[in-house]
Amino acid sequence: MNLPYAEPYKTKMVEYIKPSTIEERKQWIKEADYNLFNLTSEKVFIDLLTDSGTGAMSDKQWAEMMVGDESYAGSQSFLKLKETVKRITGFDYFLPTHQGRAAENVLFSVLVKEGDVIPGNSHFDTTKGHIEFRKASTLDCTIDEAFNTTVYHPFKGNVNIEKLETALKNNPKNNIPFVIVTVTCNSAGGQPVSMQNIKEVSKICKKYHIPLIIDAARFAENAYFIKIREDRYKEATIKEIVKEFFSYADGMTMSAKKDGLVNMGGFIALNDEEVYKKATVYNIMFEGFITYGGLNGRDMGALAVGLDEATEFDYLETRIKQVAYLGTQLVEFGVPVQQPFGGHAIFLDANKFVPTIPRDEFRAQALAIELYIVGGIRGVEIGTILADRDPFTHKNRYPELELVRLAIPRRTYSLNHMKYIASVIKEIYATRSEAKRGYRIIEEAPIMRHFTVKLEKITD
Ligand SMILES: *Cc1c(COP(=O)(O)O)cnc(C)c1O
């Protein structure tokens, strides 16, 4: 008998969220200059801005908060976390940091210098930022299928092996300090990387003596996709898959705000003692002593438990099926969404949803605003506003895709919430032909304008 799945947890504490009316939200979003980042949280009913640090901790994690060891040096909570990281990832050397980008800052201070090139699948924004800040550059070697929303590929986060090998082979300046593979590939929409692919990447890296680093924020969700989609691993446990996956790499940076199931935290884990020793110096400078790295003892304890809970199949199954449930409902309603569904988010394709709104009036942003006004749902624009202006011509850059990302926090919303979200989007989709005008910018920052941009509605 094939039993249906259900959440392997029940609720012990609830947090009320505030319903509001369409009229109120029209007023609030106007006051926020039509920028969803400007809304205070009580004005949002369902918050899908990000899945980063927005999940719910378990009773066991909260219990760890009470027994956290706040000793400056040699904290027991640090030891608990270090042992857990070793058991789950296999890496010997471990440094806590306050979040993922801090792990990048510390590790890249050791490994990246001016003129370097760092190949990988699509690099995450902060990863790219920390590389480019050091006057080095990234080389995107993601497979072509990742950039086509209509073709199905089970592992759209995969690295194009030929492209990678060409880069590593033609490396006359010896300026490739490492290869970085992001799992799941956030910039490609939460798409996974297969075990077969990481194995091949590892083989090529070894051939050319270049270390392989994993940007591991969603490593557990990635392992779930390997179990479900890669035949050889269907009998393996998530923990076995995770351990094998990391065995092909030399180190990792982690944003624990994702698959660490905590609200704040990060770390670096490595095999190489030399790199670790150099990294400790930067960790002490930027983050704190090596046994806390910007984290409270209690936070390290909660993270140790979170890593164990995130690498359990039943949890991952409800997590990823909840995201897919929302996606499937939308597909049934005929709403254009990116497929296959990512592990942590559903992406609405605004080019197909509201082609009637001119691109220079920010159609994805217009759709995100409509979602807020109609349903109190806060998503985020991944389109022209996010793409910023060209630094030389100062013209808007129009990316191929105009998306609205609906990121689903972990263990936070119910299936009923997903139904509600899908119904709201269905309503908006039914009246989409009436959407003709979008927004114009009245104030913007020179870079990363999406956080602070001010917009006005075009009515003429
Ligand atoms: C979130 C994230 C980071 C940065 O981590 P923070 O904890 O937000 O600093 C790096 N890489 C990936 C893939 C991420 O998703």
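A polar contact is a pair of N or O atoms within 3.5 Å; within protein, one atom must be able to donate a hydrogen and the other to accept it, and residues adjacent in sequence count only if both atoms are side-chain atoms. In this structure, a polar side-chain atom of Arg218 lies 2.9 Å from an oxygen atom of the ligand.

The model is predicted: local features need pLDDT of at least 70, side-chain atom pairs count only at pLDDT 80 or more, and totals for chains, interfaces and linings use all residues. Residues are numbered from 1 along each chain as its sequence is written, and side-chain values use heavy atoms, with hydrogens and water left out.

**The ligand site**

| Residue | Part of the residue | Distance to a ligand oxygen atom |
|---|---|---|
| Gln99 | N or O atom in the side chain | 2.8 Å |
| Gly100 | backbone N or O atom | 2.8 Å |
| Arg218 | polar side-chain atom | 2.9 Å |

Taken alone, the ligand exposes 370 Å², and the protein buries 98% of that. Accessible areas come from the Shrake-Rupley method with a 1.4 Å probe; for residues, only the protein chains shown count as cover.

Around the ligand stand 14 residues. To be near, a residue needs one heavy atom within 4 Å. Gln99, Arg101, Asp215, Ser255 and Lys258 come nearest. The shell holds two nonpolar, six polar and six charged residues. Here Ala, Val, Leu, Ile, Met, Phe, Trp, Tyr, Cys and Pro count as nonpolar, Asp, Glu, Lys and Arg as charged, and the others, Gly among them, as polar. Helix α4 (residues 100–111) gives the most to this shell, with three residues. Helices (H or I, at least four residues) and strands (E, at least two) are DSSP runs, numbered from the N terminus.

Two packed helices are described by the angle between their axes and the distance between the axes. Axes are lines fitted to C-alpha atoms, for helices over the stretch in contact, and angles run from 0 to 180 degrees between N-to-C directions.

Helix α8 (residues 219–229) packs on helix α12 (residues 313–332) at about 90°, with the axes 10 Å apart. The two are therefore roughly perpendicular, a term for angles of 65 to 115 degrees. Contact means heavy atoms within 4.5 Å. Among the α8 residues in contact are Tyr224 and Phe225, and α12 brings residues including Leu316 and Arg319. The contact has seven nonpolar, no polar and five charged residues.

Helix α9 (residues 238–247) packs on α8 at about 110°, with the axes 9 Å apart. That makes this pair roughly perpendicular too. From α8, Phe219 and Ile226 are among the residues in contact; from α9, Phe245 and Phe246 are included. This contact divides into nine nonpolar, one polar and one charged.

**Backbone details**

Most residues other than glycine have a negative phi, and most peptide bonds are trans. A cis peptide bond joins Val183 and Thr184, with omega about -25°. Thr184 sits in the loop between β5 (179–182) and α7 (195–207).

Conventions: Parallel < 35°, antiparallel > 145°, perpendicular 65-115°, else oblique.
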